[in-house]
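Student: I would like a close look at one part of this model. Please keep it brisk and define terms as you go.

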Amino acid sequence: MARWTEVADGVLVRRYEELDLSVGLVVGAEGCLVVDTGGDAGQGAGLAAAVREVTPLPWQVALTHSHFDHSFGTEAFAPCAVWAQRGCRADLEATGKEQQQKWARHYRERGEQEVADRIAAVRLVLPDRLVDDGAELDLGGRVVELRHFGPAHSDHDLVVHVPDAGVVLAGDLVEQGAPPQFGDAFPQGWPGALDGVLALGADVVVPGHGDPVDRAFVRRQRAELALVAELCREVAGGVLGPAQAVARSPYPEEFTLAALAR
Ligand SMILES: [Zn+2]
């Protein structure tokens, strides 16, 4: 069962068993911000109802990136402002249908027909408040910063910083409990993006999957990602063979994808 945890005053995180997904809710005096919407229409509707158990205030949505598990539940919140980095909208326009078919097939093949049906039923909602490098959002007595630190886990990762609470919701720039995912990644940009996250100075960082972490965890993951980036450079330059790189990678099972990435 999904449940809310309050990680700071008025900043809540909801964990799902499926994919160990974490979504966020930031509550101000006049409005609230839902950070990521889950992976299908049912998850989105359940999340919307769960938000209403916390607050009756009007909501806006921020999407950390376009991957289906973070962005496919948005319809349950429409009509409302949907914030994202500019590339997120472009990517949903380009790959949304494809992602929908791919993941519906994935769950059907795993025998999870109900989940497959819910993904197939998704009506994609495109973000309409587009951010380049940053934006500020006033929720009433509380300003939230949206920041983009360049291509990393995707080409459009958006982090949500709540300065008065010392919390950053980092999407899949940070991953706890499983290796970072490189399917659409830019390994060379990722360490720098985490420098950007660390420079915000927040004590609590909420990953897109897994438990909230501290700055020391982010620094360790940053060092691992820097090593992955270095190994990718050495493989691309012919200095290192793929097998040697895999052996030295902190995420051997993800390394081939990382090396194939841009
Ligand atoms: Zn992702």
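Tutor: Buried means under 20% relative accessible area, exposed over 50%, and partly exposed in between (1.4 Å probe, protein chains only). The model is predicted: local features need pLDDT of at least 70, side-chain atom pairs count only at pLDDT 80 or more, and totals for chains, interfaces and linings use all residues. Residues are numbered from 1 along each chain as its sequence is written, and side-chain values use heavy atoms, without hydrogens and water.

Start with helix H4, residues 113-120 (helices, H or I, have at least four residues and strands, E, at least two; both are DSSP runs numbered from the N terminus). Its buried residues are Val115, Ala116 and Ile119. Down the H4 axis they fall within an arc of 100° (directions from the axis to the C-beta atoms), so they line one face of the helix. Their cover includes helix H2 (68-71) and helix H3 (86-109), counting heavy atoms within 4.5 Å as contact.

Now the sheet. Five strands form an open sheet, ordered E8-E9-E10-E11-E12, with mixed pairing (a pair needs at least two DSSP bridges). Strands E8 (134-138) and E12 (204-209) are the edges; each has a single partner strand, so one side of each lacks a neighbour in the sheet. The twist averages 30° from one strand to the next (axes are fitted to C-alpha atoms, for helices over the stretch in contact; angles run from 0 to 180 degrees between N-to-C directions).

Look inside the sheet. E10 (159-162) and E11 (167-175) run antiparallel, joined by three bridges. Val162 has Val167 of E11 as its bridge partner. Helix H5 (190-199) lies across E10 and E11, at about 165° to E11. Helix H6 (215-236) also packs on the sheet. H6 touches E11 and E12, and its direction makes about 30° with that of E11.
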